[in-house]
Amino acid sequence: MKRAETLDKAKKSMSTQQAIDDFFDLYGQLLDDYDIRDKSEQIFNCDDAGWTGRKTSRQKVIGPTAAHTYRQILWCISISPRIH
């Protein structure tokens with residue numbers, strides 16, 4: 001389970017109604033410019049996730065630090081309801 005994160009100042013400043021409206025105006029214009037508004041199979045959402053493979057612990061250990069492997073994956077999901 002992920003821990004809750006506080007909203008940083010940059011994200012907070014972009015969470016205004018004007019910023020959201022501007023984003024969707026630009027997004028709509030891009031859909032029209034690339035003629036993909038009605039082509040949902042060509043629209044994807046991409047997000048990345050990373051993890052170390054370790055469980056977090058509240059215990060503290062005094063000693064040298066150990067190297068840990070960090071893994072990252074990029075997810076790309078189409079908004080189309082059709083499976084190709």
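Aspartate 35 is found in the loop between helix H2 and strand E1, the latter covering residues 44–51. The phi angle of aspartate 35 is near 50°, a positive value in a residue other than glycine.

A search of the whole structure finds two salt bridges. Another pairing is that of aspartate 32 and arginine 37, whose side chains meet at 2.7 Å, N to O. Aspartate 32 has 42% relative accessibility and counts as partly exposed. Arginine 37, at 43%, is partly exposed as well.

The wider layout of the chain can now be set out. The chain has two helices and two strands, and their pattern along the sequence is α-α-β-β. The chain has 84 residues, of which buried residues make up 7%.

Confidence is part of how this model is read. The mean pLDDT of the chain is 77, and 67% of its residues reach 70 or more. Confidence in the chain is lowest in helix H1, residues 9–13, with a mean of 77, and highest in H2, with 93. Where pLDDT is low, the predicted coordinates should not be read in detail.

Helix H2 runs over residues 17–33, and tyrosine 27 is found in it. The length of H2 can be checked against its residue count. With 17 residues at 1.5 Å a residue, H2 should span 24 Å, and its end C-alpha atoms are 24 Å apart, which agrees. The buried residues of H2 are Ala19, Gly28 and Leu31. They cover an arc of only 170° around the axis, which means that they lie on the same side of H2. On the other side of H2, the residues Asp25, Leu26 and Asp33 are exposed.

Together with Ile20, Phe23 and Phe24, Tyr27 makes a nonpolar surface patch of about 390 Å². At 32% relative accessibility, tyrosine 27 counts as partly exposed, because that class lies between the buried limit of under 20% and the exposed limit of over 50%.

Beyond the loop that holds aspartate 35 comes strand E1. Alanine 49 is found in this strand. At 30% relative accessibility, alanine 49 counts as partly exposed. Alanine 49 and leucine 74 are 25 residues apart in sequence, while their C-alpha atoms are 6.6 Å apart in space.

Technical notes: Residues are numbered from 1 along each chain as its sequence is written. This is a predicted model: local features need pLDDT of at least 70, side-chain atom pairs count only at pLDDT 80 or more; totals for chains, interfaces and linings use all residues. Side-chain values use heavy atoms; hydrogens and water are left out. A salt bridge is a side-chain nitrogen of Lys or Arg within 4 Å of a carboxyl oxygen of Asp or Glu. Buried means under 20% relative accessible area, exposed over 50%, partly exposed in between (1.4 Å probe, protein chains only). Patches are made of residues with over 30% relative accessible area and no salt bridge: like charges are joined within 9 Å, nonpolar side chains (Val, Leu, Ile, Met, Phe, Trp, Tyr) within 5 Å. Accessible areas come from the Shrake-Rupley method with a 1.4 Å probe; for residues, only the protein chains shown count as cover. Helices (H or I, at least four residues) and strands (E, at least two) are DSSP runs, numbered from the N terminus. pLDDT is the predictor's confidence in each residue, from 0 to 100. The expected span of a helix is 1.5 Å times one less than its number of residues. The arc is that of the directions from the helix axis to the C-beta atoms.
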